[in-house]
Amino acid sequence: MLSVGFRALFRREILRFVRRPKNTFMPPAITNVLYFAVFGVILGGRIDQIAGFSYILFIVPGLIVLGAISNAFENASFSIFHGRWNEYIHETLTSPLSYAEMVVAYVGASAVRGIIVGVIIAGVGRAFVEISVKHPLYLIATLVIITALFAGFGIIGGLVARDFDDLTVMNQFIIRPLVFFGAVFYSLETLPGIWQQVSLLNPMVLMVDSVRYGFLGYSDLVQVAPAGYADIVPLASLAALTVLTAIVVAIDVYLFEIGYGLTD
């Protein structure tokens with residue numbers, strides 16, 4: 001049973017972004033209207049279908065990943081850093097909560113924000129193109145895992161950052177470029193062989209591909225997988241992301257236990 005302290009911290013973190021929709025939900029909605037209008041409608045009309053899907057439909061999953069993980073990271077990193085900056089995180093640290101409960105509360109609330117933003121982007125995309133979900137349970141599991149993963153990374157970012165500019169650099173100049181080169185706007189099959197192999201080193205490819213599989217039932221990784229392994233690729237991707245998320249959350253708990261960045 002969840003403790004009262006855990007529920008209180010989780011609720012506080014949820015209310016922190018729910019009460020400011022103009023700052024948390026409107027920007028990704030407006031940004032993605034522009035993405036869909038420019039890349040989907042204007043440029044998409046000049047691009048042939050990709051893997052049998054219209055271009056605008058093909059990019060929907062990637063834009064959802066971009067918005068979901070960016071907001072999960074931003075929420076966790078800002079919450080931790082702001083608490084350090086204004087020194088009110090000490091009240092949380094001196095509460096009877098375990099370090100694991102603290103981390104899970106921050107990660108869970110940030111993941112909720114990421115998922116809400118993902119749903120908003122899907123709604124925006126629905127205004128431009130018909131969207132159907134081929135594997136709903138797989139899609140839900142993937143979104144929960146990747147938003148929790150980047151919420152975990154956000155906690156690390158919030159502990160490492162020395163000023164607010166550091167948070168901006170992490171999100172805008174590390175996460176977003178990796179997502180853009182994670183097969184959001186193109187298929188891996190369109191790349192020459194060597195660049196396919198290089199792209200597979202980008203972990204964002206795994207996330208974008210998994211969400212695309214959940215939506216469209218299509219996976220670039222299935223197409224490039226060795227014969228005989230194609231059927232297990234989606235589950236293997238989900239398993240790898242789950243393990244990585246567990247590792248990152250465990251690191252978060254350890255950093256809280258040793259007080260890294262919390263007692264500066």
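The legends below describe an overall view and several close-up views of one predicted model.

Figure 1. Read from the N terminus on, the elements run α-α-α-α-α-α-α-α-α-α-α-α. The radius of gyration is 19 Å, close to the 18 Å that the globule rule gives for 264 residues, so the protein is as compact as a globular protein of that length. Along its principal axes, the C-alpha trace spans about 60 × 40 × 35 Å.

**Figure 2. Burial, contacts and surface of the protein as a whole.** Of the 264 residues, 48% count as buried, a word that is used here for residues with under 20% relative accessible area. When contacts between residues at least 6 apart in sequence are considered, 82% of them join residues that are at least 24 apart. The protein exposes about 12700 Å², and carbon and sulfur atoms supply 67% of this area.

**Figure 3. A nonpolar surface patch that includes leucine 43.** The patch has an area of about 540 Å² and is made by Val33, Val38, Val41, Ile42, Leu43, Ile47 and Phe128. One of these residues, leucine 43, has its place in helix α3, which covers residues 26-43. Leucine 43 has a relative accessibility of 38%, and it therefore counts as partly exposed, since that class lies between the 20% limit for buried residues and the 50% limit for exposed ones.

**Figure 4. Glutamate 87, a residue with a positive phi in a loop.** Most residues other than glycine have a negative phi. Glutamate 87, although it is not a glycine, has a positive phi of about 60°. Its place in the chain is the loop between α4 (55-85) and α5 (89-93). Is glutamate 87 buried or exposed? With a relative accessible area of 51%, glutamate 87 is exposed, because the exposed class begins over 50%.

**Figure 5. Alanine 183, which also lies in a loop and has a positive phi.** The phi of alanine 183 is near 70°, a positive value in a residue other than glycine. The loop that holds alanine 183 is the one between α8 (164-180) and α9 (193-199). At 3% relative accessibility, alanine 183 counts as buried, because a value under 20% places a residue in that class.

Notes. Residues numbered from 1 in each chain as written. Predicted model: local features only at pLDDT ≥ 70, side-chain atom pairs only at ≥ 80, totals over all residues. Heavy atoms only, no water. Patch = residues over 30% accessible without salt bridge, like charges linked within 9 Å, V, L, I, M, F, W, Y side chains within 5 Å. Areas by Shrake-Rupley, 256 points an atom, 1.4 Å probe, with all protein chains shown as cover. Salt bridge = Lys/Arg side-chain N within 4 Å of Asp/Glu carboxyl O. Helix = DSSP H or I, 4+ residues; strand = E, 2+ residues; numbered from the N terminus. Buried < 20%, exposed > 50% of the residue type's maximum accessible area, 1.4 Å probe, protein only. Rg over C-alpha atoms; globule rule 2.2 N^0.38 Å. Contact = heavy atoms within 4.5 Å.
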